[in-house]
Amino acid sequence: MPYRYVNLRTGKVRDKVSNPAETGTLLIEFGMLAKLTGKQVYYDKAKRALVETYRRRDKATGLVGTWIDVENGQWTDRDSHIGGGIDSYYEYLYKCWRLFGDADCKAMWDDGIAAVNRHLGDEVRKGELWYGHADMTTGKRTATEYGALDAFMPALLALGGDVGRAKRLQDSGLKMWRLHGIEPEQIDYAKMQVTSGGYALRPEIIESAYYLYRYTGDAKYRAMGREFFEDFVRHCRTADGYAALKDVRTGEKKDSMESFLFAETFKYYYLLFAPKDTLDFDKVTFNTEAHPLRLPMAK
């Protein structure tokens, strides 16, 4: 597994403690590089990092933790969830299979998503579906928190064929959004209270609306997207761009506009409302930064 940082001039590395989203989110890009250059080493090195991360899951629960020492393979934080630090690890297990047909990735995905659904999925109130936190070694619930980064999961579930679960989770995301008219970074879904109030202009909930519209054809997801967009413009637009919010409860703006607003958020808004033939959804695979990838041999 790779270190988090390397000096390209000297080769010196630092930060031996990394996370599954960093060690496991390499294969799509390096795999494409291998296919386009004919140099298999790029694929093999990236796949090894992904496989070694998977191998260190807890064998009883099937879950991975948040932080891992890449030198000794020991977990330094055993909190398991689908949010930042873990999210795209699961995403790339399935997308490796989708893009390259790698059966190893499919097997790891099948095992991983079953563990996530079993231990992290949480039904509260009248059948609401959320994904919370659990101890990776016991599967015991440790927190009832869900947020803007977790909101990618309905898209991934739909991509993986579980549209029913995806629809239920997206409905929960909509409830989170409506709590204050725009989504916060994180809530306690058991209490429906904000635990981290910032809004960073994130794309994940829009991405999920787009995927669900493509898979179901249900106009409710376009209506959902319209609600998201109108709220987004109302709360965040300025004379110079779109500002992140310090706290959705006060609406106070922050002097910040991340580049993913253009690379992802606006892209998914556009695709949600564009004609369906704008992009051949079935023949491309989006990486985690919303770049559509397609092998040259794909027809």
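Predicted model: local features only at pLDDT ≥ 70, side-chain atom pairs only at ≥ 80, totals over all residues.
Residues are numbered from 1 along each chain as its sequence is written, and side-chain values rest on heavy atoms, with hydrogens and water left out.

An open sheet of 3 strands runs in the order β11-β12-β13 with antiparallel pairing. Strands here are DSSP runs of E of at least two residues and helices are runs of H or I of at least four, both numbered from the N terminus; two strands count as paired if DSSP finds at least two bridges between them. The edges are formed by β11 (145-147) and β13 (193-196), each of which pairs on one side only. From one strand to the next the twist averages 40°, the angle being taken between the N-to-C directions of lines fitted to C-alpha atoms, on a scale from 0 to 180 degrees. Strand β12 (residues 186-188) joins β13 in the antiparallel sense through 3 bridges, and Asp 188 has Gln 193 of β13 as its bridge partner.

Grid points were joined across faces, edges and corners, and a volume is the space filled by probe spheres set on the points. The structure contains 2 cavities of 30 Å³ or more.

The largest cavity holds about 60 Å³ of space. Its lining includes Tyr 210, Tyr 213, Arg 214, Arg 222 and Lys 276. Two or more lining residues come from each of α8 (204-216) and α10 (260-273), and α8 gives the most, with 3 residues. By class, this lining comprises 7 nonpolar, 1 polar and 3 charged residues, where Ala, Val, Leu, Ile, Met, Phe, Trp, Tyr, Cys and Pro count as nonpolar, Asp, Glu, Lys and Arg as charged, and the others, Gly among them, as polar.

About 460 Å³ of space lies in the largest pocket. Of its 24 lining residues, Asp 87, Ser 88, Glu 204, Thr 288 and Glu 289 are the closest to the centre. At least two residues each are supplied by α1 (20-23), α4, α8 and α10, with the largest share, 4 residues, coming from α4. The pocket lining has 8 nonpolar, 7 polar and 9 charged residues.

The whole structure contains 1 disulfide, defined as a pair of cysteine sulfur atoms within 2.5 Å. The sulfur atoms of Cys 96 and Cys 105 lie 2.3 Å apart in this link, which is right-handed, with 70° about the S-S bond. Both Cys 96 and Cys 105 are buried, that is, under 20% relative accessible area with a 1.4 Å probe and protein chains only, as against over 50% for exposed and in between for partly exposed. Cys 236 is also buried, with a relative accessible area of 0%.

Conventions: 1 Å grid on protein atoms, 1.4 Å probe; cavity = no way out; pocket = protein on both sides within 12 Å on 5 of 7 lines; lining within 4 Å.
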